[in-house]
Amino acid sequence: MGMTMTQKILAAHAGLESVTAGQLIMADLDLVLGNDITSPVAIKEMEKNKLDSVFDKDKIALVPDHFVPNKDIKSAEHCKCVREFALKNEITNYFEVGEMGIEHALLPEKGLTVAGDVIIGADSHTCTYGALGAFSTGVGSTDMAAGMATGKTWFKVPSAIKFNIVGKPSKWVSGKDVILHIIGMIGVDGALYKSMEFCGEGLKNLTMDDRFTIANMAIEAGAKNGIFPVDELTEAYLKEHAKRPYKVYEADADAEYDEEYTIDLSTLKSTVAFPHLPENTKTVDEIGEPVKIDQVVIGSCTNGRIDDLRIAAKVLSGRHVKKGIRLIVIPATQSIYLQAMEEGLLKTFIEAGGVVSTPTCGPCLGGYMGVLAEGERCVSTTNRNFVGRMGHITSEIYLASPAVAAESAVKGFIAAPEE
Amino acid sequence: MKATGHVFKYGDNVDTDVIIPARYLNSSDPKELATHCMEDIDKDFVNKVKAGDIIVATKNFGCGSSREHAPIAIKASGVSCVIADTFARIFYRNSINIGLPIMECAEAANSINAGDEVEIDFDSGIITDKTTGQSFKGQPFPEFMQKIINSEGLMNYIKNS
């Protein structure tokens, strides 16, 4: 029986000829990742168990990004803990504020995640690197600690759902609409414990940034990972960024899938997930009564990349956010920030009445830089709209693409740009 | 090993943001996290929960973030076991890794009511609702995970293997 793309990568990293769904394996890790919230718990676990060295100082990435620049004293203590650990263990890939970015935008950009890798990260959106043809998945702090100490972790080999992508999306439809559509279709546990494997001739019409967005939100369908085949676009991205050799794996022609879906990009419309689950999706044209909003956030590991900012700037150019609406734009990395500045995008945002923040996860998880008050509504390009996620438990989050977020900021209610 | 306690009952998709809101993640102290456990879904939970109590929920418990603070907060609040129809995968791993007993059992998850007194026998996987007299067979862990649990968590398992 053939293997899926995910199964092939896992087999190779477990030193096995082949694996089957449900098999428990021990796999070698190419990268172990943590941030300022999850790493301190992992570091304490290592110290408590007297594990005083890491398996490979080049294969660990520590990225303080959630509550940095430090939002309060306790956050500062967490960051200090990570900084001291990185120094002591001479961790090559520790990123201080001036060189940081949101981890899942930063690591591909720095060339630290490449096709064929097995990556674990103590952050649920670690599944983002599937866009590059890697197996990557989120774990908790204890798994991170064990991974840092041993360079290995155990996995139960997942079965897979196949998404055959065809067609070409219309002008304002992007990766966010594709993944929201899929989550709306299969539900927040529709891919529980499984791989989401994307394939098909329509992939050529999705940019790398679209693919990062789609793989990023695989976890919102409960998936273990989301993964894309390596094509010309991926190769071009890797040639520009990769710091080490990569390996291309392909699913076998006779690989088995639990389910198969065909997604025709040409039929997709701007899509929004209503409170309080990412599966509560509606297309913008299905919304009846206008949904008035208070705030718009454009950023995060889901949609803070350069394509996202370009789309938002295109919508906002020469226009102004509606009076009383707060627009917060957060480039995901320092490099994206700089590029947006050079392209004049930041000028567009500021002239339109928005604020631009240094890279941070901040508002996405109700940390800082855009926390919501009682009853407030936010259109956000982030990934979760759970109760209380961005602030008060009565506040509401509507997940959308950068195009919809930008148009909504101008209109003051949820809206998509016109064709 | 057995656990007995009263049940706190929740529905589908209890996410890690309601188990422990991110506004408290500037701390990683289990006792402090426990004082905010379940706050955004059930503000009385922390006042009512007693050592040994049991959380029962339906589908996809623990979905969302990878924060280990979620099972840590539940464990530190005194809960002896979480029973659910299904668990989100990262929460499942994290619970085993930190030694919070969890059990997948659709029948129990859907039949047990809030406030019921429930006994769990971890060796046999038998869940008994003492209030209604019903009993259920929980899903046993694969041998590999049982070893991690018997070692009282992943770190001990690694040290000893």
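## What "buried area" means here

Buried area is the accessible area, taken with a 1.4 Å probe, that two parts lose on being put together, summed over both. Keep in mind that this is a predicted model.

## The two domains

Chain A is split by the domain assignment into domain 1 (5-263) and domain 2 (271-411). Where they touch, domain 1 of chain A puts in 38 residues and domain 2 of chain A puts in 40 residues. Their C-alpha centres are 24 Å apart.

## How much gets covered

Between domain 1 and domain 2 of chain A, about 3000 Å² is buried, and carbon and sulfur atoms give 61% of that. On the domain 1 side, look for I102(A), W172(A) and K176(A): together they supply 21% of the area this domain buries against domain 2, more than any other three residues.

As for salt bridges, R384(A) forms one with E220(A), and their closest N and O atoms are 3.0 Å apart.

## The domain 1 face

Three helices of chain A give two or more residues each to the side of domain 1 that touches domain 2: α4 (103-109), α6 (175-186) and α7 (208-216). The largest share, six residues, comes from α6(A). Sorted by class, this side of domain 1 has 16 nonpolar, 14 polar and eight charged residues.

Key: Residues numbered from 1 in each chain as written. Chains lettered and ligands numbered in written order. Predicted model: local features only at pLDDT ≥ 70, side-chain atom pairs only at ≥ 80, totals over all residues. Heavy atoms only, no water. Domains from an automatic or database assignment. Contact = heavy atoms within 4.5 Å. Salt bridge = Lys/Arg side-chain N within 4 Å of Asp/Glu carboxyl O. Helix = DSSP H or I, 4+ residues; strand = E, 2+ residues; numbered from the N terminus. Nonpolar A, V, L, I, M, F, W, Y, C, P; charged D, E, K, R; others polar.
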